[in-house]
Amino acid sequence: MHRPRFDQVLLRNLALGVLLSSMSCTVLLKENQFFFPERFPLIPDEIHRENVEIRVPGDTSLRGWLLTRNYDSTRPFLIYFYGGAQTVMEAAGELHALVENLQVNVLAVDYRAYGFSDGTPTFAAISEDGRAIYDYLVSRTKSEPAPIFV
């Protein structure tokens, strides 16, 4: 009678243990541990998004969105500077809520090197860019002046 060698028995038992362990792990895991849905409200059809590009010194373009409700340029404008690590894409829900709830048009532009914008961020550049964004909006609304809030 031939008896299996010790290493064969050990290997077989180890494989069986791994198989049984993996089966028990599979049973313990639940679907809610794999799926993390995040729902967003639908954007009303009356809110229109226009891509904007603002040229600033250093061969840099700042890009973002101008959101208006029914293209109403007589509404006040809000220049919205969101959190430091956000982009207009990530702030889209907030931006639409501002247009809807505050009854304003919203201009939001990505900071240098973030999102759609070019360049390198510096403290000095942020200040200059803020002024350039304001000047851009003033030049767009000259024919129909409306209050601008920052």
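**Entry 1: strand β2.** I looked up strand β2, residues 60-69, and found nine of its 10 residues buried, so the strand is largely enclosed by the rest of the structure. I note here that the model is predicted.

**Entry 2: partners of β2.** Which strand is joined to β2 by 10 bridges? I found that it is β1, residues 47-56, and that the two run antiparallel. Within this pair I picked out N51, which stands opposite W65 of β2. I then checked β4 and saw that β2 pairs with it too, in the antiparallel sense, over four bridges. Here L66 stands opposite L107 of β4.

**Entry 3: the turn between β1 and β2.** I looked at the hairpin formed by β1 and β2 and noted three residues between the strands. In this hairpin G58 takes a positive phi, near 90°.

**Entry 4: Q103.** I looked up the phi of Q103, a residue other than glycine, and found a positive value near 60°. Where does Q103 lie? I placed Q103 in the loop between α2, residues 92-102, and β4, residues 105-109. I wrote down 39% as its relative accessibility; Q103 therefore counts as partly exposed, because that class runs between the cut-offs of 20% and 50%.

**Entry 5: A113.** I went on to the loop between β4 and α3, residues 123-140, where A113 is found. Its phi is near 70°, again a positive value in a residue other than glycine. How exposed is A113? I read a relative accessible area of 45%, so A113 is partly exposed.

Methods. Residues are numbered from 1 along each chain as its sequence is written. This is a predicted model: local features need pLDDT of at least 70, side-chain atom pairs count only at pLDDT 80 or more; totals for chains, interfaces and linings use all residues. Side-chain values use heavy atoms; hydrogens and water are left out. Buried means under 20% relative accessible area, exposed over 50%, partly exposed in between (1.4 Å probe, protein chains only). Two strands pair if DSSP finds at least two bridges between them.
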